[in-house]
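User: Hello! I am new to protein structures and would like to learn how to read one. Could you walk me through it step by step?

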Amino acid sequence: ILVLLILSIKAMGFAQGPCNDPLACNYDSSATSSDGCLYVGGDCPDGHPATYIDETCTCVLPEGAVFTTGQMVEDCSGNMYHTAIIDDQEWFAENLRTACFSNGDSIEEVIDSAAWIAYGIDSVAARVKYNNSDSLAAHYGFLYNGYAMRDERGICPIGWHVPVTQEFRALVASSDTLDGFVAMVFGNDYESTGAAAALKAQEDWSDFPGNNISGISALPSGKRKTNAQFADAGLKSYWWCGDGNPDNLMTRGCRTVGYSDTLFREDANLKWGCAIRCMRSLAADVSEIEISRISIYPNPSKDEVNIICHGMQGRVWVDILDMQG
């Protein structure tokens, strides 16, 4: 059972320097510097994208938050990321910006359109800035093709990974506070009718900004298409999902945030460039189960199958795949 943890607004105190700006909420008429100024609705000194300064000049989480802030995480390029902890998951609160895999090998930045298309044809890992813009990359992170996302060298920092379907679903179940409805049927494109608002940042969205009670701070970072054109910045966020058929170019593994308050799945071409949110499980490690402890019958089966887990207790996840994955 997934338990939705509702937290009260958490106040965070920070030692700030003097502020001589009368517009700041911590204005001090005797101050001679504006280095330590805080502004209502502005960024907190902690730098977390979901926290803000309230009317009492205090750094707080969004009202109704279901997350706590985690520790900073560093990738192999030296970039630092804020995180959000929801139940037993910890997620990046920012899109990935790394220029290398976890073993230090570089991921080539592919600017030229023809080269992007060629990398897709040859199934080679690539990254790109939206519109090849440094300023957009600093805000939105990089876009990575599916071959970079799936590379066995690992695109996330050691101990972190690209989330898979069940982990996205757990995030949705923890974040969907609108009506408690989560579409768990794979044939339904709409995964949640309420989670998008909880996942979206409160700024940057041209329509339907979020409340960000999840702390995930989703930004409309757009994508790069197979023909190398950029699309949907300011409108949609596309996140890679790490599972799916490894031999299939089209993988039903992209989570798309946009279109009102709905989160949905989309057939994603591995030649696309999409954002990546790394995550890790904070649950206790689970050792591999000996195959002798699982009984499946009848085998082969046409319609129904029984799965018996001998001597196991607690939650057990079962994934059933056909011959095409």
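**A guided reading**

Analyst: Gladly! The protein chain exposes about 16,500 Å², of which carbon and sulfur atoms supply 51%; such areas come from the Shrake-Rupley method with a 1.4 Å probe, and for residues only the protein chains shown count as cover. This is a predicted model, where local features need pLDDT of at least 70 and side-chain atom pairs count only at pLDDT 80 or more, while totals for chains, interfaces and linings use all residues. Residues are numbered from 1 along each chain as its sequence is written, and side-chain values use heavy atoms, leaving out hydrogens and water.

User: What is pLDDT, and what is its mean for the protein chain?

Analyst: pLDDT is the predictor's confidence in each residue, from 0 to 100. Here the mean is 80, and 73% of the residues reach 70 or more. Where pLDDT is low, the predicted coordinates should not be read in detail. In this model, pLDDT stays under 50 over residues 1-15. Residues 177-189 also have pLDDT below 50.

User: How many helices and strands are there?

Analyst: Helices (H or I, at least four residues) and strands (E, at least two) are DSSP runs, numbered from the N terminus. The protein chain has 5 helices and 20 strands.

User: What share of the residues is buried?

Analyst: Buried means under 20% relative accessible area, exposed means over 50%, and partly exposed is in between (1.4 Å probe, protein chains only). Of the 325 residues in the protein chain, 44% are buried.

User: Which residues have the most contacts inside the largest nonpolar core?

Analyst: In soluble globular proteins, nonpolar side chains tend to be buried together. A nonpolar core is a set of buried Ala, Val, Leu, Ile, Met, Phe, Trp, Tyr and Cys residues joined through side-chain atoms within 4.5 Å. The largest one here has 24 residues, and L96, Y144, I155, W240 and I276 have the most contacts inside it. Helix α3 (146-150) and strand β14 (237-240) each supply at least two of its residues. The largest share, 3 residues, comes from α3. Apart from this core lies another, of 23 residues, including I86 and W239.

User: What does L96 touch?

Analyst: A contact means heavy atoms within 4.5 Å. Leaving aside residues up to four places away in sequence, L96 touches Y81, G141, F142, Y144, I155, I276 and C278.

User: How many salt bridges are there?

Analyst: Side chains of opposite charge can pair when their charged atoms come close. A salt bridge is a side-chain nitrogen of Lys or Arg within 4 Å of a carboxyl oxygen of Asp or Glu. By this rule there are 7 salt bridges. One of them joins R280 and E90, at 2.9 Å from N to O. R280 is in strand β18 (residues 279-281) and E90 in strand β8 (residues 89-92), 190 residues apart. R280 counts as partly exposed because its relative accessible area is 31%, whereas E90 is at 3% and so counts as buried.

User: Where do D105 and R153 lie?

Analyst: These two form a salt bridge, with the closest N and O atoms of D105 and R153 3.2 Å apart. D105 lies in the loop between β8 and α1 (113-121), and R153 in the loop between α3 and α4 (165-175), so the pair ties together parts 48 residues apart in sequence. There is also a network of salt bridges that links E109, R127, K129 and D134.
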